[in-house]
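Here is a short report for a first look at a protein model. Keep the sequence and the 3D view side by side as you read.

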Amino acid sequence: MKRDSRLSSVLHALLHMAEQDGPVTSETLALCLGTNPVVVRRTMGYLRQAGIVTSERGHSGGWRIHADLGSVTLRQLHEALGEPATFAIGNRNETPECLVEQTVNAALEGTFAEAEALLLTRFSEITLADLASDFARRHAALRHSRNQS
């Protein structure tokens with residue numbers, strides 16, 4: 001089963017955008033993400049609808065972050081993307097009258113619900129500013145190590 005990597009891709013794109021002074025084109029973001037500009041435009045459209053980014057048309061147009069990095073959480077981004085399935089695993093529902101299937105599904109459903117709640121709580125605690133800060137720290141450390149060599 002294919003994993004939904006849109007949240008990861010959006011975070012990648014937003015961190016690149018945060019490093020820019022002006023708008024960033026879909027073509028530039030597509031190069032950063034190794035995807036097609038149409039995919040970038042479609043995905044960024046969800047963020048525009050949520051008020052996280054804006055877009056400008058024309059020769060000097062592109063995408064800009066509209067929201068404050070410190071106020072945008074991973075949960076908000078997850079929700080803006082339509083709350084894709086958190087887990088790629090799920091219950092078997094071939095024979096709902098089977099008591100074994102009912103027992104297994106009850107155990108899994110509760111566990112899945114707990115795990116998803118924990119993940120979404122953690123997503124609510126992480127902001128784009130947190131990620132941008134971590135990126136800046138890693139980038140500075142890499143520059144420092146290169147200068148030491």
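## Thr73 and Thr127

Beyond its neighbours within four places in sequence, Thr73 is in contact (heavy atoms within 4.5 Å) with Phe123, Ser124, Ile126 and Thr127. Thr73 sits in the loop between E2 and H4. Helices (H or I, at least four residues) and strands (E, at least two) are DSSP runs, numbered from the N terminus. Thr73 has 12% relative accessibility, so Thr73 counts as buried. Buried means under 20% relative accessible area, exposed over 50%, and partly exposed in between (1.4 Å probe, protein chains only).

Thr127 lies in the loop between H5 and helix H6 (128-148). Thr127 is buried because its relative accessibility is 12%. With neighbours within four places in sequence left aside, the contacts of Thr127 are Leu69, Gly70, Val72 and Thr73. Ile89 is 38 residues from Thr127 along the chain, and their C-alpha atoms are 27 Å apart.

## About the model

The model is predicted: local features need pLDDT of at least 70, side-chain atom pairs count only at pLDDT 80 or more, and totals for chains, interfaces and linings use all residues. Residues are numbered from 1 along each chain as its sequence is written, and side-chain values use heavy atoms, leaving out hydrogens and water.

## The nonpolar core

The largest nonpolar core has 24 residues. Such a core is a set of buried Ala, Val, Leu, Ile, Met, Phe, Trp, Tyr and Cys residues joined through side-chain atoms within 4.5 Å. Leu14, Met17, Leu29, Met44, Leu47, Val53 and Leu77 touch the most other members. Helices H1 (6-18), H2 (26-33), H3 (37-49), H4 (74-80) and H5 (99-125) each supply at least two residues of this core. H1 gives the largest share, six residues.

What does Leu29 contact, leaving aside its neighbours within four places in sequence? The partners are Ala13, His16, Met17, Val24, Val40, Met44 and Trp63.

## H3 and its partners

H3 has buried residues at Val40, Thr43, Met44, Gly45 and Leu47. These buried residues pack against H1, H2, strand E1 (53-56), strand E2 (62-65) and H4.

On the H2 side, Ser26, Glu27, Leu29, Ala30 and Leu33 meet Pro37, Val40, Arg41 and Met44 of H3. The axes of H2 and H3 (lines fitted to C-alpha atoms, for helices over the stretch in contact) come within 8 Å and cross at roughly 105 degrees, where angles run from 0 to 180 degrees between N-to-C directions. That makes H2 roughly perpendicular to H3 (65 to 115 degrees).

How values were computed
Angles under 35 degrees count as roughly parallel, over 145 as roughly antiparallel, 65 to 115 as roughly perpendicular and the rest as oblique.
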